[in-house]
Amino acid sequence: MSQAHPISRRHGRGLAVAILAVAAVLASCAQPEVIAEAPAPVAPQPPPPVSLNQGVAEAASVYVAFMREAETIQAGFPNAEAIQTALRRGASYEPGQLSRGLIAYGSIIALQSPEFVSGVRSFAADPTQRQQIVARIIADPAYAATFPGAADAAGLISAAVGRDSAAMLVIADAVEGDAYTIQERTDPRRRWATTHIANREVRLESAKTLSAAAMLPSADESARLFTAANSGTGLGVSGTRSGPPFTPAVTRSLAIAALAALGAGGEDNRTNTEALQVESNSEFCLNMSKLMLFQCLAASRPSYEDMFCVGRHVARDLSTCTAAMVTPAALPAPTTLVAEGASITPVAADAATASTNAVQTSAN
């Protein structure tokens with residue numbers, strides 16, 4: 001058996017060593033494999049903060065300041081000028097502006113409800129969804145009443161405005177009762193109260209002028225309401241849940257508050273919040289009240305009949321209209337008509353007839 005040549009064996013081992021050396025060199029030159037890491041998760045952006053513009057606070061301050069002034073009217077007028085002072089005080093509102101102010105005030109009250117604010121903001125995390133909800137509220141204010149907590153917010157609005165309505169009703173009863181007492185000859189003030197009013201036309205025109213003049217916002221009240229709206233605290237309001245149906249005025253208050261809770265009620269959104277303050281039913285009630293006040297004053301001659309006009313078409317109508325704005329059950333429009341058998345001056349009766357005719361004409 002032949003053996004391999006020693007030289008051949010040495011050449012084979014050398015070739016193997018060379019191949020291994022080349023492989024080692026090539027391996028040292030290879031790039032290490034890079035393992036891609038997953039990107040760190042991006043935290044979702046928080047929704048914009050609650051934001052309500054100064055214009056809403058100013059509109060609300062008009063309502064709050066006027067009602068506070070009107071609620072100082074007291075029965076037991078000591079002289080004819082005191083009646084005229086009360087008349088000027090109570091007539092000093094423009095119906096549309098007062099209606100808008102009440103709705104603006106209602107929106108700030110709604111923002112005092114943590115249940116409503118958190119209920120709205122629970123849908124605000126996703127920017128696309130938030131914009132869709134904003135657009136829907138603007139197109140249909142009633143959509144705001146579907147958010148969690150809407151009944152809690154509506155309850156606060158009804159309670160706050162209801163207190164104003166109740167206060168004016170107490171004043172109305174007292175002032176009208178005062179006028180009836182004088183009419184029935186049982187009051188020592190009858191001597192001056194039955195004297196005919198001087199410059200009747202002037203005081204009627206003055207009431208019309210006051211009713212048409214723009215009401216200036218209260219700087220202090222605006223600042224207080226603005227802070228309360230954007231902080232959700234500070235008004236100390238309370239009330240019980242008020243389930244649907246909601247009145248159009250309450251619905252619009254909720255809509256403005258919902259926009260604010262979504263961060264879409266700030267200074268850049270005044271156009272939307274101003275549009276939501278307009279509600280025709282509320283304005284109609286207050287406009288009818290003013291028409292009847294003018295007719296009552298046109299028919300009135302002695303001071304105690306002006307007293308009756310203050311009680312009926314300032315205090316009682318304000319009570320009726322504010323209650324109607326927040327109470328789902330329909331309330332009657334302001335009227336001078338009284339229950340059968342009730343005492344009423346002949347002049348007030350004439351005004352009642354004229355007012356009723358005016359309402360019928362308007363309805364037709």
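Me: In this model, buried means under 20% relative accessible area, exposed means over 50%, and partly exposed lies in between, with a 1.4 Å probe and protein chains only. Why is Phe 308 called buried?

Reply: The relative accessibility of Phe 308 is 1%, and the limit for buried is under 20%, so Phe 308 counts as buried. The model is predicted: local features need pLDDT of at least 70, side-chain atom pairs count only at pLDDT 80 or more, and totals for chains, interfaces and linings use all residues. Residues are numbered from 1 along each chain as its sequence is written, and side-chain values use heavy atoms, with hydrogens and water left out.

Me: Why is the aromatic pair of Tyr 180 and Phe 308 called tilted?

Reply: The structure holds five aromatic pairs. In that of Tyr 180 and Phe 308, the centres are 5.9 Å apart and the planes 55° apart. Rings of Phe, Tyr and Trp (its six-membered ring) pair if their centres lie within 6.5 Å; planes under 30 degrees apart count as stacked, over 60 as edge-to-face and the rest as tilted, so 55° is tilted.

Me: What makes Thr 247 buried?

Reply: Its relative accessible area is 5%, and the limit is under 20%; therefore Thr 247 is buried.

Me: How do you know that the side chain of Thr 247 makes a polar contact with the backbone oxygen of Met 325?

Reply: A polar contact is a pair of N or O atoms within 3.5 Å; within protein, one must be able to donate a hydrogen and the other to accept it, and residues adjacent in sequence count only if both atoms are side-chain atoms. The backbone oxygen of Met 325 lies 2.5 Å from a polar atom of the Thr 247 side chain.
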